[in-house]
Amino acid sequence: MTATSSDAHTLAAFEGRPAGAGVEAPDPVNQPMIRHWVEAMGDENPVYVDDAAARRAGFSGVVAPPTMLQAWTMRGYRRSMEIERSRRDVGAGGGPPDALEELFALLDAQGFTSVVATDCEQEYRRPLVLGDRLRATSVIDTVSPEKRTALGPGHFVTTRTDFTDEAGAVVAVMRFRILRFRPARRAPEAQPTGDAPGELHENATVKEPEEPRPLRPRPAITPDTAFFFEGAKAGKLLAQRCCNCGRLRHPPAPSCRWCRSLEWEPQELSGRGTLFSFVVVHHPQVPAFDYPLVVGVAELEEGTRLVADVVGVEPGDVRIGMPIETEMRAVDPELTLPVFKARTAPAAGGESG
Ligand SMILES: [Zn+2]
């Protein structure tokens, strides 16, 4: 890599600069949008739809679900495409791009061309009530120095969006963080972890074995999820069972979504089930994985669903409804994850191969 690394000073100069134009909410906070949202989310809290219930709970009337925050100022697809087009026109005409565009262009030029969203934090200062009209104003909050990550070296870029009401008071703050990274080159002779995919590159005769394969991105391990990964390491597929109503749930959550109980215990599952859905991922390619990568959702015998890689089956042969079994696989020295394999069910013949 011949490009010099951006010095910290150049990048820090972007902090505090506006990230795009502010956005006015096209509509005030309103009951119909809230009603559709809570229905889609399955949120039955009455304070979002019932004025009397909201008053009993200490509010001045119906409030909006805090997590709807961004919905109020979203532009919609058509407007976003118009902005995208006008940005390109401005770029072509030599006009000044906004600071975020400028920063991304600088990082692109340094080879940090890939992007992944890493986290989003929202802070709610007061409940939003019917009639509130929001405005969202974004600035570049921080640009990190170069960091080594599992995906490759990169810079974390955090954008801060202040949501203000008509009086100009900040009602919520969102910090949205992405990683702009230089993709590590895919190790050509990596150990296949299952079914070795066919040769993918037209220039595959060049072998460059010097770069070790990076580890997979780490899963988010929290007090609620740690048991799952510890179980996997011990070769067990575990799910949470509610101690109050007895229902199984996955992915792990702090409380039971049926009875709200916080008490749960791990239960070992058989790992057998059927494939409910799947995707075959070709792009974007993250160096720790083999492509094409088959990722499936299985419906397990016990009734919960699980997402895992499907291994040992040609992508073209994967079928919804196929019987699967789960196996634990050490994907690297620190991480063991479940994978799905085809389960041999008695079949009435079929071609060999
Ligand atoms: Zn329960």
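How are the donor residues of the zinc ion spaced in sequence? In this predicted model, where local features need pLDDT of at least 70 and side-chain atom pairs count only at pLDDT 80 or more, totals for chains, interfaces and linings use all residues. Residues are numbered from 1 along each chain as its sequence is written, and side-chain values use heavy atoms, with hydrogens and water left out.

The donor residues follow the spacing C-x2-C-x10-C-x2-C. C245 lies in the loop between β7 (238-242) and β8 (248-249), while C256 lies in the loop between β8 and β9 (264-268), so the pair ties together parts that are 11 residues apart in sequence; strands here are DSSP runs of E with at least two residues, numbered from the N terminus. The SG atoms of C242, C245, C256 and C259 coordinate the zinc ion at 2.3 to 2.4 Å, donors being N, O and S atoms within 2.8 Å of the metal (3.2 Å for Na, K and Ca). Because the four donor atoms subtend angles of 99 to 119°, the arrangement is tetrahedral, a term that requires all angles between four donors to lie between 85 and 135 degrees. C256, at 1% relative accessibility, counts as buried, whereas C245, at 30%, counts as partly exposed (buried is under 20% relative accessible area, exposed over 50%, and partly exposed in between, with a 1.4 Å probe and protein chains only).

Strand β6 (residues 170-181) runs antiparallel to β2 (residues 114-124), to which 10 bridges join it, and V115 stands opposite R180 in β6. Strand β5 (residues 152-164) is likewise antiparallel to β6, with 11 bridges, and two strands pair if DSSP finds at least two bridges between them.

How values were computed: Four donors count as tetrahedral if all angles lie between 85 and 135 degrees; four count as square planar and six as octahedral if opposite donors are over 155 degrees apart and all others between 65 and 115; anything else is irregular. Helices (H or I, at least four residues) and strands (E, at least two) are DSSP runs, numbered from the N terminus.
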